[in-house]
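Subject: Structure handover

Hello,

Here is the structure for you to look over. Please open it alongside this email.

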Amino acid sequence: MPVSKQTVATFQRAKAEGRKLAMLTAYDYSTAKLQDEAGVDGILIGDSLGNVILGYEDTLSVTMEDMIHHSRAVARGASHSLIVCDMPFLSYEVSVEDAVRNAGRLLKEGRANAVKLEGGREVCPQVRAIVAAGIPVMGHLGLTPQSVNAFGDFKVQGKTEESARALLDNACALEEAGAFAIVLECVPAALAELVTSRVSIPTIGIGAGTACDGQILVYQDMLGMTSGFSPKFARRFAEVGDVMRKGFSDYIEAVGAGTFPADSETFHSGDDIIKKLY
């Protein structure tokens with residue numbers, strides 16, 4: 001198990017040295033502990049928990065209390081990884097004051113090391129204020145799920161010259177505002193490569209090609225724990241969902257057949273005393 005704690009500084013050093021950063025989402029103690037022991041550089045408590053944990057149709061219903069609850073659990077399990085917590089919808093957009101206050105709660109109550117928020121120039125005042133309060137900020141550009149109603153769909157961003165220039169401009173603005181890294185989601189690989197070369201802070205890709213300084217995936221996607229639609233970029237590194245379904249099915253069958261628990265799984269101490277009760 002890695003000993004050193006990943007920090008904003010080690011993320012910056014990784015970019016300078018050309019070492020790729022590996023990040024995953026996590027939402028609970030047990031999963032975070034396994035990821036931490038494996039040596040993942042960063043764990044994101046994503047507002048994707050609305051979809052994969054709470055069963056919402058989107059991320060918009062996730063609350064600050066949801067994020068704090070799950071961030072605190074992850075923090076208990078991870079001692080090596082950099083813990084980044086998403087700022088949920090409307091926790092930072094309304095005012096700079098709200099943004100700083102809520103970011104502070106995610107660190108103070110949620111025990112995160114940094115926060116992540118979506119948007120470009122329009123959220124730079126919030127980024128500057130949060131960073132000024134001593135809280136590291138990770139940006140998020142491209143497909144930003146909290147803006148699904150504005151986009152109209154989950155689709156690749158930056159495919160036109162105008163939108164590509166805007167994304168590059170927003171990335172530079174986030175760096176200038178003090179962000180320590182930027183997630184690039186569903187962005188053409190060539191654009192992600194250009195952004196990565198233009199900013200001095202790490203870029204973390206999800207559906208943005210290999211030129212980014214690191215990658216992130218929702219862990220349920222990469223372990224095959226989701227059914228139905230699967231994003232193009234979500235390679236399945238294991239089929240844990242199949243293993244879990246078989247385990248559940250075998251358990252149900254064993255209970256029904258009376259073969260579980262077996263004698264070796266049963267306590268017999270005190271049998272002589274019980275016999276006297278008949």
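**Overall**

Please note that this is a predicted model. The protein has 12 helices and eight strands. Its C-alpha trace spans about 80 × 40 × 35 Å along the principal axes. Of the 278 residues, 47% are buried.

**Helix 4 and helix 5**

Helix 4 covers residues 64-77, and helix 5 covers residues 96-108. The two pack with their axes 9 Å apart. The angle between them is about 25°. Angles under 35 degrees count as roughly parallel, so helix 4 and helix 5 are roughly parallel to each other. Their crossing is right-handed.

Which residues of helix 4 and helix 5 make the contact? Helix 4 brings M64, E65, M67, I68 and S71. Helix 5 brings N102, R105 and L106. By class, the contact holds four nonpolar residues, two polar and two charged. M64, M67, I68 and L106 are the nonpolar ones. S71 and N102 are polar. E65 and R105 are charged.

Best wishes

Conventions
Residues are numbered from 1 along each chain as its sequence is written. This is a predicted model: local features need pLDDT of at least 70, side-chain atom pairs count only at pLDDT 80 or more; totals for chains, interfaces and linings use all residues. Side-chain values use heavy atoms; hydrogens and water are left out. Axes are lines fitted to C-alpha atoms, for helices over the stretch in contact, and angles run from 0 to 180 degrees between N-to-C directions. Helices (H or I, at least four residues) and strands (E, at least two) are DSSP runs, numbered from the N terminus. Angles under 35 degrees count as roughly parallel, over 145 as roughly antiparallel, 65 to 115 as roughly perpendicular and the rest as oblique. A crossing is left-handed if the near helix is turned anticlockwise from the far one by less than a right angle, and right-handed if clockwise. Contact means heavy atoms within 4.5 Å. Buried means under 20% relative accessible area, exposed over 50%, partly exposed in between (1.4 Å probe, protein chains only).
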